[in-house]
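Please read the following report alongside the sequence and the three-dimensional view, which are shown here first.

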Amino acid sequence: MTDLSAIHMTPHREYQPKVGISACLAGHAVRYDAGHKYHDLIMRELGPWLDLQVFCPEADAGLGIPRPPIRLVETSEGAISAIGVETPELDVTSALKEGTKGFALKQAQELCAYIVKSRSPSCGSGSTPVHDETGSISRDGDGLLVSDLKKACPGLLIIEESDLDSVEKCRAFLEECYALSER
Ligand code: SF4
């Protein structure tokens with residue numbers, strides 16, 4: 001197994017596990033309001049040791065920056081759609097699914113892990129509010145990209161940024177990434 005105590009003391013840039021990250025966490029201004037969610041701890045603790053692959057499923061699907069905010073709505077039959085928060089007639093489900101299809105099935109196969117933005121209708125992993133048809137939040141679930149990723153790449157380690165809220169957790173995740181990439 002890789003000796004991470006040595007890695008932390010010595011720059012180690014020749015070999016880095018390939019890890020996906022929601023683009024807004026890396027400071028890219030791709031959110032619906034053209035802002036970002038730069039995560040200083042993750043970028044400082046993990047950035048130098050990982051080959052971070054930056055993706056924004058909504059921007060990559062051509063939804064635009066800025067764009068209308070969306071949320072997940074589940075029908076009584078269990079179908080989940082991405083619908084405009086202020087414009088319920090806006091349904092971007094197909095655009096998002098098409099936009100992420102190539103990514104989920106191809107690029108993600110090369111990743112050992114993926115750091116995702118919690119509560120996002122595209123990137124959340126278990127924390128995204130899912131609304132019923134009356135507009136009430138009925139449960140928490142996965143964003144559309146993450147839902148597809150879990151089906152296409154069952155071995156992919158997916159973690160929300162909210163679970164990387166300390167140096168210790170970042171280092172434990174880093175060790176897991178190196179162990180996974182050595183398999
Ligand atoms: S879709 Fe994902 S990467 Fe893009 S802004 Fe939303 S949370 Fe960030």
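Which residues point one way from β6 and which the other way, and are they buried or exposed? In this predicted model, Thr-128 and Val-130 point to one side of β6, whereas Pro-129 and His-131 point to the other side, and all of them are buried.

**The open sheet around β6**

Strand β6 belongs to an open sheet of four strands, which has the order β4-β3-β6-β7 and a mixed pairing. The edges of this sheet are formed by β4 (80-84) and β7 (137-141), each of which has a single partner strand, so that one side of each is left without a neighbour in the sheet. From one strand to the next, the twist averages 40°.

Strand β6, which covers residues 128-131, runs antiparallel to β7 and is joined to β7 by four bridges. Within this pairing, Pro-129 has Asp-140 of β7 as its bridge partner, and His-131 stands opposite Ile-137 of β7. The hairpin of β6 and β7 has five residues between the strands, and in this hairpin Gly-135 takes a positive phi near 100°. The pairing of β6 with β3, by contrast, is in the parallel sense and extends over two bridges; here Leu-72 has Val-130 of β6 as its bridge partner.

**The pair of β1 and β2**

Strand β1 pairs with strand β2 (residues 51-55) in the parallel sense, and five bridges are found between these two strands. Val-19 has Leu-52 of β2 as its bridge partner. β1 is mostly covered, since four of its five residues are buried.

The bridge partners named so far are collected below.

| Residue | Bridge partner | Strand of the partner |
|---|---|---|
| Pro-129 | Asp-140 | β7 |
| Leu-72 | Val-130 | β6 |
| Val-19 | Leu-52 | β2 |

**Backbone geometry in the loops**

Most residues other than glycine have a negative phi, and most peptide bonds are trans. Against that background, several positions in the loops deserve a look. Ala-34, a residue other than glycine, has a positive phi near 70°, and the place of this residue is in the loop between β1 (18-22) and α2 (40-45). Ala-34 counts as partly exposed because its relative accessibility is 36%, a value that falls between the limits of under 20% for buried and over 50% for exposed. Arg-119 likewise is not a glycine and has a positive phi of about 70°; Arg-119 lies in the loop between β5 (113-116) and β6.

A cis peptide bond is found between Ile-65 and Pro-66, with an omega of about -5°. Pro-66 has its place in the loop between α3 (57-60) and β3 (70-74).

**The ligand and its surroundings**

Where does the ligand sit? The ligand is placed in the largest pocket. Around the ligand there are 14 residues, of which Ala-23, Cys-24, Cys-56, Ser-120 and Cys-123 come nearest.

Notes
Residues numbered from 1 in each chain as written. Predicted model: local features only at pLDDT ≥ 70, side-chain atom pairs only at ≥ 80, totals over all residues. Heavy atoms only, no water. Near = heavy atom within 4 Å. 1 Å grid on protein atoms, 1.4 Å probe; cavity = no way out; pocket = protein on both sides within 12 Å on 5 of 7 lines; lining within 4 Å. Sits in = over half its atoms within 2 Å of the grid points. Pairing = 2+ DSSP bridges. Axes fitted to C-alpha atoms, helices over the stretch in contact; angles between N-to-C directions. Buried < 20%, exposed > 50% of the residue type's maximum accessible area, 1.4 Å probe, protein only.
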